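Please review the briefing below, which covers the fold, the surface and selected loop residues of one protein.

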Amino acid sequence: MTERRLATDAEAKALASALRLRILRICAGEPRTNKEIAAILGRDPASVLHHTRTLVRTGFLEAQEERRGARGAREIPYLATRKSWSLEAPALDRSMLDAFLEELALVPAVEAEAEGIRMALRLPPPQMEEFRTRLKDLLDEFAARPDDPAAPAWSLFLVVHPDPNRP
């Protein structure tokens, strides 16, 4: 299982934005310029730049080699460092849910290969710990695999929480 460290205040603040989490997803497998990120998000590049710089400053995005754009303009592509995978951030931060819901809303209903699973468990503490450990190990295993640029991109959102409906 990947050891995770507690996020610093600056890191936690950087991850506390649904927009920044979406930027990280956009830059996860392929370097993107601020202009490309803004186009994918349907936002103005100037408003996205602040968020991009915050992610660079906190180590979640890394600037790649400068390149020239179509009109000779200087462009800097950014690539996600996957640093967020090694951090323990506030578990139920609303920004993670908001980013997930925004991204899910963009999946066309006709193509919806989205699969939702919801279940209830009632396990003694040692079995619950085993469940969490095995789940984290499985996620770590797949997260460590290299991206295949030719393969379709997938996203996963998973939350394990105490059930307030079944005391």
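Thr-58 lies in the loop that joins helix 4 (45-57) to strand 3 (61-63); helices (H or I, at least four residues) and strands (E, at least two) are DSSP runs numbered from the N terminus. The model is a predicted one, in which local features need pLDDT of at least 70 and side-chain atom pairs count only at pLDDT 80 or more, while totals for chains, interfaces and linings use all residues. Residues are numbered from 1 along each chain as its sequence is written, and side-chain values use heavy atoms, with hydrogens and water left out.

- Apart from neighbours within four places in sequence, Thr-58 is in contact with Ala-10, Glu-11, Ala-14 and Lys-83, where contact means heavy atoms within 4.5 Å.

**Loop between helix 5 and helix 6**
- Ile-117 is located in the loop between helix 5 and helix 6, and its relative accessible area of 69% is why it counts as exposed.

**Nonpolar surface patch**
- Met-119, Leu-121 and Leu-123 together form a nonpolar surface patch with about 260 Å² of accessible area.
- Such patches consist of residues with over 30% relative accessible area and no salt bridge, with nonpolar side chains (Val, Leu, Ile, Met, Phe, Trp, Tyr) joined within 5 Å and like charges within 9 Å.
- A salt bridge is a side-chain nitrogen of Lys or Arg within 4 Å of a carboxyl oxygen of Asp or Glu.

**Overall fold and surface**
- The protein contains six helices and seven strands, in the order β-α-α-β-α-α-β-β-β-β-β-α-α from the N terminus.
- Its C-alpha atoms fill a box of roughly 60 × 40 × 30 Å along the principal axes.
- Of the 167 residues, 23% are buried.
- Among contacts with a separation of 6 or more, 65% join residues 24 or more positions apart.
- The accessible surface of the protein is about 12,100 Å², and carbon and sulfur atoms contribute 56% of that surface; the areas come from the Shrake-Rupley method with a 1.4 Å probe, and for residues only the protein chains shown count as cover.

Key: Buried means under 20% relative accessible area, exposed over 50%, partly exposed in between (1.4 Å probe, protein chains only).
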